[in-house]
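Open the model in your viewer and keep the selection panel at hand. The stops below go from pockets to a surface patch and then to a cavity.

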Amino acid sequence: MAIEHTVVERITDVDAADWDRLAGDGDPFLEHTFLAALEASGSVGARAGCVPRLVLARDGGRLVGAVPLYLKTNSYGEFIFDWGWANAAQRAGVRYYPKLVAAIPFTPATGHRLPVHPDADAGAVTAALLRGVRQVADDERASSVHFLFCTEAETGALAAQQYLPRLSMQFHWHNRAERPFESFDDYLATFRSRNRKQVRKERQTAAAHGLSFRTATGAELEKGDWSALQAFYLSNIERHGGIPYLNERFFEIARATLAHRLVATLAYRGSEPVAGTINFEKGPHIYGRYWGCLADYQMLHFELCYYQLIERAIERRCTLFEAGAQGEHKLKRGLVPAFTHSAHWIREPALADAVASFIQREAVAVAEQANFYDQHSPFNAHNSSE
């Protein structure tokens, strides 16, 4: 029986158990509950300019593949930026919006964008999904399709279908493969002496503020902690002139449905939370997402955003900690360059040619930058964290 594709406009139109069989063991964002929280809270939808167009592949009625696809009328919250492409299209008189984005909204974390059931024919399912994506693009008159933070293998499959592969970079922490770290001190022992001293000094400075630190899952947090996390999220966005993609309703839903995936690092003055981070974890992976602080405390950002979470990763024998987008300051704290991938199909040939030329030049620059960072990592040459 041929694999068929369909399109649905709500994740709740898909059985949660069926969808989650596609999600894998290390990605909390592709799970049905996370996507449902975004929809139910209105964080995605028409008002956000980000409307679900989820492509499903079925084999005899069984869900065997999917694409988390969204019709967008803006480029907010993507973290692989195409504003320049949109501006170039406008100057050329080419309509750029709406476009289609295959990604987890507002989430710069690598994961499958063409997830396939482990028992299915991956090639056949992927082909059916891409036919479905192209049909949506034609039906919606979308200018382009963008697979963001997809896996490297998916980028190869997409390139074979005339998508333009794009290279980007983040900073990730990796546990030691041959012998996982036993403690934070064990981890620091791989640093050069001057870098090790710097980390210890930063942690001592953060501890000297007289605050108490706590790392806890969402299920372990009190209502006041949840309220504080939302306040931290909003205060940091306001400080940097950003856009609050997640609304109050999202935090209410997250407490009810995502507490088992959320991990927070919090700093307290007495019993009052004064700073914290929102992170997610699943299986061997931890993902740093949001930080906020109600006052300025020197080195507290590094303590809560990196060191506390690296300690948790070591304790839980995690293999990967992704600390979010951008930030070369992460390098000296032991997070090293990691390539991230995307793939892009542009309908207008002239714009596609211009984009192809740009991303080829960009890839050379990204690779050179990653090589530079590798040469300036804090690790001993003969004792790295890899």
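Which strand and which helix each supply at least two residues of the lining of the second largest pocket? They are strand E8 (164-174) and helix H11 (349-375), where helices (H or I, at least four residues) and strands (E, at least two) are DSSP runs numbered from the N terminus. Before selecting them, note that this is a predicted model, in which local features need pLDDT of at least 70 and side-chain atom pairs count only at pLDDT 80 or more, whereas totals for chains, interfaces and linings use all residues. Residues are numbered from 1 along each chain as its sequence is written, and side-chain values use heavy atoms, with hydrogens and water left out.

**The second largest pocket**

Colour E8, which gives the largest share of this lining, six residues. The pocket has a volume of about 330 Å³. Among its 20 lining residues, select Phe-79, Ser-168, Met-169, Gln-170 and Gln-326, the closest to its centre. A pocket here is an open set of points on a 1 Å grid over the protein atoms alone, with protein on both sides within 12 Å along at least five of seven lines, while a cavity is a set where a 1.4 Å probe fits but cannot get out; lining residues have an atom within 4 Å of a point.

**The largest pocket**

Next show helix H8 (223-239), strand E11 (272-282), strand E12 (285-293) and helix H10 (300-315), each of which supplies at least two residues of the lining.

**The surface patch**

Now select Tyr-76, Phe-81, Trp-83 and Ile-243, which form a nonpolar patch on the surface with about 370 Å² of accessible area together. Tyr-76 sits in the loop between strand E5 (69-72) and helix H3 (83-91), and it counts as partly exposed because its relative accessibility is 40%, between the limits for buried (under 20%) and exposed (over 50%, 1.4 Å probe, protein chains only).

**The largest cavity**

Finally, turn to the four cavities of 30 Å³ or more that a search of the whole structure finds. The largest cavity holds about 110 Å³ of space, and of its 16 lining residues, Gly-77, Ala-103, Ile-104, Pro-105 and Phe-106 are the closest to its centre. Show E5 again together with strand E7 (144-150), as each supplies at least two residues of this lining.

Notes:
Grid points are joined across faces, edges and corners, and a volume is the space filled by probe spheres set on the points. Patches are made of residues with over 30% relative accessible area and no salt bridge: like charges are joined within 9 Å, nonpolar side chains (Val, Leu, Ile, Met, Phe, Trp, Tyr) within 5 Å. Accessible areas come from the Shrake-Rupley method with a 1.4 Å probe; for residues, only the protein chains shown count as cover. A salt bridge is a side-chain nitrogen of Lys or Arg within 4 Å of a carboxyl oxygen of Asp or Glu.
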